[in-house]
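Dear colleague,

Here is the structure I said I would pass on. My notes on it follow below.

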Amino acid sequence: EDAYELGLSDEEAFLERDGPFSAGGREVSICKAYNFRRLNSQVRLPDSSIIDLEDLKDDDEDDYEQPLPIQYISINEDDDEKYGQSVVGNTSREPAYGYPISPQLAEALFMPQDGYDGDETGMLWYAQILPSASVAKISALARAILKRYISAEDGKVKARRPSPHPIHRDDFFSSLIRLSDGRWIFSGILNGWPALSLLEVRAVTVRRGGMGIHSFIERVWEAETSASSSSPPTVPDNEPEVRVTLRQPRWSAKGYGPSSPGSLWWFHSQRKIPRVIYGTYIIEELRAHASRDGARMPTATQVHMFSHRYSLGIDAATGELRKESFKDRNTWHSGIFLEWDHERHGTVVELALKNGGGGYGGKSNWYDDKNAPIPELMRCIPRRMVAPWITNLAEIRCSDVPMKNRTDFERYLRRYEGPTKRFLDPVVTYSSEVRISFCDQDHVSRYLLNYILRNTEYHELWRSCQNFATDLFSFLAGKKDIIPYHPAAMVQYTNRSYWFLYDSDKYKNNKNR
């Protein structure tokens, strides 16, 4: 997936279509394509794109044996022994170690990309190197760490834990590759998070002095001072607590992929083939879809601002209704509901924590299958978006929903209203015609991209869902004196509707000059 997005050849990515994959010096067995969602002769790939199986089939073959790129392969657990290495997709919680990508592909992904400033750095993540059993015998801290991260039921590392993400020492080293400039890259799937698959090793730290007040953190390896060395990062094997600082490529600071900046995604759930598109790809795909179908671009006609509190539900341990705290009673979520001129469906637009869509397993309040084992949204989310949510960064989510107008939308809110359901006290606070002149769907996407690229932060008081919804409603409706729903959000609110209009990169360049 990375290779094709960057335009690399199979040779540059070390992907061989007619033979086994070479990964980390070992051959990875060719696997049949199982568990993909079939549409006639078509298959949905983990990044939500569609391929035709006929294109992968030889004329004299009765089955589909032709290999796909390694990230696309998914097989049944029962077939692991028969077909070899199982490669996980975006819905799997399994980690993947020991099969790194080629250094050429890794270097291409860490190169500067269009749409990203030269002074930007990627997202930082942290790995917890698990202590060995021998260390745990003599260290109470090591035993506490293992108890926290190792499942008591099967003895495996607990999947998809928040930072720091646990990994065994051998798994970490088996997934390292060295670039030509001396940098060390972790290539795998860290702790079952598909998005954490390509990370530059920046530092290694250890905790000295046990768990008491006299403990301190010591940095034992740094990338800057070790670039000239061909030796891998130093990870002590006799220390109970060792952490590794990892960094994604620079494009991760502004989006989900190297050539599509913008922490914005759009779930086209009402199409014949549902899919999730992110970043600037949204605009390209909308125009291509309209051109392919010979249809005009949908136009936004009505805009509504809504607010609600969240239902806390039943406590699984006690079986009783959870009690609201003072903060719960004063925490309100606000969003925008858009109507379109085709009158086939509407769209919910909201600002929330970055990676929340994939990090929470695709459980969206706007779809009936929220509590399904794998909701449709999760099946469609690209693997790059399946990462731990980040509490100080934001993303904008656009979800096409079956509700066509305000009446349908309010009916949906009432259906899921209640302390054991989803919403508490839902209300539509403002409604208006969309008055801005350019209001086609690709225009709306451009406005949202401008807004999120201007500032990627999230803050409960001055950069929250309520601030965003207020800005977007006043912008599309052309109305002033629009205020956030809850008084607490009004205190530090400043209208920033102009953020929707201007290219953030050009603003920064002019400001620097």
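**Asn 365 and its surroundings**

The side chain of Asn 365 is in polar contact with the side chain of Lys 370, at 2.6 Å. This is a predicted model, so please read the distance as computed from predicted coordinates. Asn 365 sits in the loop that links helix H10 (356–359) to helix H11 (376–380). Is Asn 365 buried or exposed? Its relative accessible area is 13%, and the limit for a buried residue is under 20%, so Asn 365 counts as buried. Leaving out residues up to four places away in sequence, Asn 365 touches Tyr 310, Lys 370, Tyr 412, Arg 422 and Phe 423.

**The seven-stranded sheet**

An open sheet is built from seven strands, in the order S14-S13-S18-S17-S16-S15-S19, with mixed pairing. Strand S14 (275–278) and strand S19 (423–433) are the edge strands; each has a single partner strand, so one side of each has no neighbour in the sheet. From one strand to the next, the twist averages 25 degrees.

Within this sheet, strand S13 (residues 264–268) and strand S18 (residues 390–401) run parallel and are joined by four bridges. Which residue in S18 is the bridge partner of Phe 267? That partner is Ser 399.

**Nonpolar cores**

The largest nonpolar core contains 51 residues, and Phe 172, Leu 190 and Trp 366 have the most contacts inside it. Strand S10 (residues 198–208) supplies the largest share of this core, with four residues. Apart from this core lies another, of 41 residues, which includes Leu 338, Val 434, Val 444 and Leu 472.

For Phe 172, the contacts beyond its neighbours within four places in sequence are Ile 129, Ile 167, Phe 186, Val 201, Val 235, Val 244 and Leu 246.

**The chain as a whole**

The protein chain has 16 helices and 19 strands. Of its 513 residues, 54% are buried. Among contacts with a separation of 6 or more, 71% are between residues 24 or more positions apart. The accessible surface of the chain is about 24500 Å², and carbon and sulfur atoms account for 48% of that surface.

Regards

Key: Residues are numbered from 1 along each chain as its sequence is written. This is a predicted model: local features need pLDDT of at least 70, side-chain atom pairs count only at pLDDT 80 or more; totals for chains, interfaces and linings use all residues. Side-chain values use heavy atoms; hydrogens and water are left out. Two strands pair if DSSP finds at least two bridges between them. Helices (H or I, at least four residues) and strands (E, at least two) are DSSP runs, numbered from the N terminus. Axes are lines fitted to C-alpha atoms, for helices over the stretch in contact, and angles run from 0 to 180 degrees between N-to-C directions. Buried means under 20% relative accessible area, exposed over 50%, partly exposed in between (1.4 Å probe, protein chains only). Contact means heavy atoms within 4.5 Å. Accessible areas come from the Shrake-Rupley method with a 1.4 Å probe; for residues, only the protein chains shown count as cover. A polar contact is a pair of N or O atoms within 3.5 Å; within protein, one must be able to donate a hydrogen and the other to accept it, and residues adjacent in sequence count only if both atoms are side-chain atoms. A nonpolar core is a set of buried Ala, Val, Leu, Ile, Met, Phe, Trp, Tyr and Cys residues joined through side-chain atoms within 4.5 Å.
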